[in-house]
Amino acid sequence: MGKVTIVKHKDYLAGLKASLPVFIGYFSVSFGFGALAVTKGLKALEAALISLTNVTSAGQFAGLAVIAAGGPMIDMILTQLVINSRYALMSLALGQKMGKRFGLGLRLLTAFYNTDEIFALAMAKEAPLTVPYMLGLGALPIVGWTGGTLLGALAGSLLPDSIATALGVALYGMFVAIVVPQAKRSRPILAAVALAMGLACLFRWVPFLSDVSEGLAIVIVTVLAATVCALLFPLPEEEDEVAV
């Protein structure tokens, strides 16, 4: 019994250690989200609760735009459905690696904090996944994302508006840092970014299209850009290996 406890303890610590870089990154990025949230009229506690119950940078940023614009609930639902749909596929893939040791409750909990970075760490682990390891893998990122948001929101509410707004730019910088290197290496990604930017400008400045709410515009731009690029740049299908 004692040996099993030691193994579980080691697995949990291994999960914490693996997620430490994610914790640091989440803390810094969520600080910018918290600072931006208070400039949009949210309270520090409200911003922290959003991070605690969502743990999704792109989804929260898009949701914040809908809240600031006073958009209807249907805009929020559609926006989150489109932006966060990839998490459903990632959770299904991760579920194949978990095995029978994970019950329904643990699978639902893991799906809740299954972000891009945690998914990559879990899938890269060669040894079988254990419950303590996955719990350790998700603990620090949740703390970092929520704590960073709270501190950023508190700082944004105490600092002058000009400085708080400047801190909010960190979130945009994160997206630029992620997208630009990928766009430089891949023509399809560059085309998707350029198309999305062009469509977003249309919804911003064209008189008829500018009447569309910001949340719904995000959904339309995302779907259109993804659809067009999927048709123009289809991924080659892998040929099935024929046994000889």
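Trainee: How many aromatic pairs are there by the ring rule?

Mentor: The model is predicted, so local features need pLDDT of at least 70, side-chain atom pairs count only at pLDDT 80 or more, and totals for chains, interfaces and linings use all residues. Residues are numbered from 1 along each chain as its sequence is written, and side-chain values use heavy atoms, without hydrogens and water. Rings of Phe, Tyr and Trp (its six-membered ring) pair if their centres lie within 6.5 Å. By this rule the count is two.

Trainee: Are the planes of phenylalanine 23 and phenylalanine 27 stacked, tilted or edge-to-face?

Mentor: Planes under 30 degrees apart count as stacked, over 60 as edge-to-face, and the rest as tilted. Here the centres are 6.4 Å apart and the planes stand at 40°, so the pair is tilted.

Trainee: Which helix holds both phenylalanine 23 and phenylalanine 27?

Mentor: Helices are DSSP runs (H or I, at least four residues), numbered from the N terminus. The two residues lie four apart, about one turn, in helix α1.

Trainee: What class is the pair of tyrosine 26 and tryptophan 145?

Mentor: Their ring centres lie 5.6 Å apart. Their planes are at 70°, so the pair is edge-to-face.

Trainee: How many residues apart in sequence are the parts that this pair ties together?

Mentor: Tyrosine 26 lies in helix α1. Tryptophan 145 lies in helix α8 (residues 131–158), so the separation is 119 residues.

Trainee: Is tryptophan 145 buried or exposed?

Mentor: Buried means under 20% relative accessible area, exposed over 50%, partly exposed in between (1.4 Å probe, protein chains only). Tryptophan 145 has 3% relative accessibility, so it counts as buried.
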